[in-house]
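Work through the exercises below with the sequence and the 3D structure at hand. Each task is followed by a solution in steps.

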Amino acid sequence: MCPHQNDNTTPSNEPMVHIPAASTPLNSKQNTPSTAASVEKQKQNPYAPRASDFLSNISNFNIIESTLREGEQFANAFFDTKTKIAIAKALDAFGVEYIELTSPAASEQSRSDCAAICKLGLKAKILTHIRCHMDDARIAVETGVDGVDVVIGTSSFLREFSHGKDMAYITRTAIEVIEFVKSKGIEVRFSSEDSFRSDLVDLLSIYSTVDKIGVNRVGIADTVGCANPRQVYDLVRTLRGVVGCDIEIHLHNDTGMAIANAYTALEAGATHIDTSVLGIGERVGITPLGGLIACLYAANPEYVKAKYNLPMLREIENLVAEAVEVNIPFMNPITGYCAFTHKAGIHAKAILNNPSTYEILKPEDFGLTRYVSIGHRLTGWNAVKSRVEQLGLKLTDAEVKDATNKIKELADVRTQSMDDVDSLLRVYHGGIESGELEVGQKEALDRLLRRHQREAKGDRVGS
Ligand SMILES: CC(=O)SCCNC(=O)CCNC(=O)[C@H](O)C(C)(C)COP(=O)(O)OP(=O)(O)OC[C@H]1O[C@@H](n2cnc3c(N)ncnc32)[C@H](O)[C@@H]1OP(=O)(O)O
Ligand SMILES: O=C(O)CCC(=O)C(=O)O
Ligand SMILES: [Zn+2]
């Protein structure tokens with residue numbers, strides 16, 4: 001059972017020690033690494049952003065949350081009106097700046113849901129996403145949206161096999177659609193689908209044209225997920241030098257690059273990042289909201305904490321996971337099964353001294369809890385000692401080390417539950433107190449454990 005999925009409580013039979021969220025060391029002997037000097041040293045990170053990164057928007061970005069547009073293109077997604085409204089409200093309460101909705105041209109329900117969400121009075125701006133076509137634009141502006149995201153493929157693949165239009169036609173239609181949307185007094189964005197397989201001259205030329213006629217944002221799209229961070233940096237940085245408007249980026253995750261690419265895009269001067277909850281979308285989807293938040297929190301925790309209601313993330317992911325009938329992936333940043341569970345003895349000791357040793361994200365900032373797992377063969381005496389203290393038992397370090405050896409011996413056969421570990425420690429402590437046990441007396445300990453097992457069995461039979 002996962003400690004973090006669905007709820008945030010560890011079942012009593014889990015071999016976990018809950019470590020308090022505050023980074024207070026558990027005993028004074030372990031206090032040394034938290035001195036002011038060592039904290040100062042940690043701050044001198046040679047890889048931290050430099051003042052010379054003048055293009056960087058790592059601490060100045062907007063999220064365009066597209067669970068209700070790109071996310072609806074996920075194979076398992078079917079959102080009824082009630083679910084769309086619940087997701088929109090949750091995203092708004094989390095604090096995303098924009099919510100993007102499916103084209104109202106897709107179906108009558110899509111149109112009326114879009115109009116209904118516009119009437120909710122959310123803080124987030126509501127966008128809808130349309131083809132670069134006047135028919136779609138006319139329907140979109142009637143829904144009450146705050147802005148329209150217009151897209152058309154510019155790569156030779158899409159020009160030949162999707163819409164069949166050349167760059168001259170694309171440019172003409174883009175101008176017509178943009179001017180029409182602008183005339184309604186709402187935001188408009190123009191994006192080139194499949195940007196990374198499009199001709200750079202074509203791209204820069206159309207972006208420059210739409211910038212001149214006053215588009216609010218231009219969008220770059222890695223529609224097939226083929227781009228790597230260096231390519232993203234180059235294209236965004238080049239575009240930054242060509243247009244004055246904001247730059248949005250939409251990144252598919254086919255090769256697992258979507259979060260890294262989003263981070264790099266911000267470094268190069270992008271202003272808006274598209275996300276969806278859990279990354280859902282066409283095929284394997286796009287930059288996941290939670291993963292992006294984890295990445296940007298690691299870069300500037302204070303900025304991200306001030307901007308978003310981070311403890312809501314788990315609730316939003318659970319809401320969407322349930323709606324599209326998937327589990328939260330075990331390796332999900334922040335909310336994954338064991339995102340804040342520490343196991344190996346070396347890690348556990350350092351975590352007990354100072355959680356920052358092995359954690360870049362603070363679980364308490366996300367309303368979550370840290371655990372140290374101890375009932376296994378990789379455990380160490382420092383972690384066991386912390387449990388001994390939690391149980392209020394008095395054992396010397398030599399005795400804790402002796403008890404740890406027994407836990408390891410048993411865990412070589414099977415992982416021990418928290419109850420197993422606790423009873424072993426209680427039996428060990430009882431043996432020391434009664435004088436029946438001394439450090440290193442393996443047979444005596446085995447005898448005491450057997451007796452405890454017999455008594456426990458007797459209790460169960462008797463009750
Ligand atoms: C990469 C992305 O994710 S882009 C967003 C994708 N979103 C969607 O597709 C929204 C859901 N889509 C739909 O409901 C439908 O596809 C509709 C309503 C948009 C269009 O439906 P249909 O008219 O039946 O056309 P169909 O889906 O078969 O083909 C797409 C049509 O749009 C044209 N087209 C494709 N992309 C674009 C574009 N970006 N701009 C303008 N026209 C486009 C194609 O040439 C084709 O036109 P055709 O009818 O002359 O052949
Ligand atoms: O409108 C955009 O920028 C992106 C459209 C899209 O979903 C894609 O290209 O993958
Ligand atoms: Zn997409």
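A salt bridge is a side-chain nitrogen of Lys or Arg within 4 Å of a carboxyl oxygen of Asp or Glu. The model used here is a predicted one.

**Exercise 1.** Decide how lysine 305 and aspartate 365 are linked.

Solution. 
Step 1. The closest N and O atoms of lysine 305 and aspartate 365 are 3.5 Å apart.
Step 2. The cut-off is 4 Å, and the pair forms a salt bridge.

**Exercise 2.** Describe the interface of domain 1 and domain 2.

Solution. 
Step 1. Count the residues in contact: eight from domain 1 and seven from domain 2.
Step 2. Take the area: the two domains bury about 670 Å² between them, and 68% of this is on carbon and sulfur atoms.
Step 3. Look for polar contacts: three residue pairs are found across the interface, with both residues at pLDDT 80 or more.
Step 4. Ask which element gives the largest share of the domain 1 side: helix α10 (residues 289-299) does, with four residues.
Step 5. Sort the domain 1 side by class: six residues are nonpolar, two are charged and none is polar.

**Exercise 3.** Which residues come nearest to ligand 1, and which polar atoms are involved at Gln73, Val151 and Ser162?

Solution. 
Step 1. There are 13 residues around ligand 1, and Gln73, Arg131, Cys132, Val151 and Glu193 come nearest.
Step 2. At glutamine 73, an N or O atom of the side chain is 2.9 Å from an oxygen atom of the ligand.
Step 3. At valine 151 the backbone takes part: one of its N or O atoms lies 2.8 Å from a nitrogen atom of ligand 1.
Step 4. Serine 162 also uses a polar backbone atom, 3.3 Å from an oxygen atom of ligand 1.

**Exercise 4.** List residues around ligand 2 and give the distances for Arg69, Glu70 and His129.

Solution. 
Step 1. The residues around ligand 2 include Arg69, Glu70, His129, Val151, Arg189, Glu193, His250 and His252.
Step 2. A polar side-chain atom of arginine 69 is 3.0 Å from an oxygen atom of the ligand.
Step 3. For glutamate 70 the corresponding distance to a ligand 2 oxygen is 2.9 Å.
Step 4. For histidine 129, a polar side-chain atom lies 2.7 Å from an oxygen atom of ligand 2.

Notes: Residues are numbered from 1 along each chain as its sequence is written. Chains are lettered from A and ligands numbered from 1 in the order in which they are written. This is a predicted model: local features need pLDDT of at least 70, side-chain atom pairs count only at pLDDT 80 or more; totals for chains, interfaces and linings use all residues. Side-chain values use heavy atoms; hydrogens and water are left out. Contact means heavy atoms within 4.5 Å. Buried area is the accessible area (1.4 Å probe) that two parts lose on being put together, summed over both. A polar contact is a pair of N or O atoms within 3.5 Å; within protein, one must be able to donate a hydrogen and the other to accept it, and residues adjacent in sequence count only if both atoms are side-chain atoms. Helices (H or I, at least four residues) and strands (E, at least two) are DSSP runs, numbered from the N terminus. Ala, Val, Leu, Ile, Met, Phe, Trp, Tyr, Cys and Pro count as nonpolar, Asp, Glu, Lys and Arg as charged, and the others, Gly among them, as polar. A residue is near a molecule or strand if one of its heavy atoms lies within 4 Å of it.
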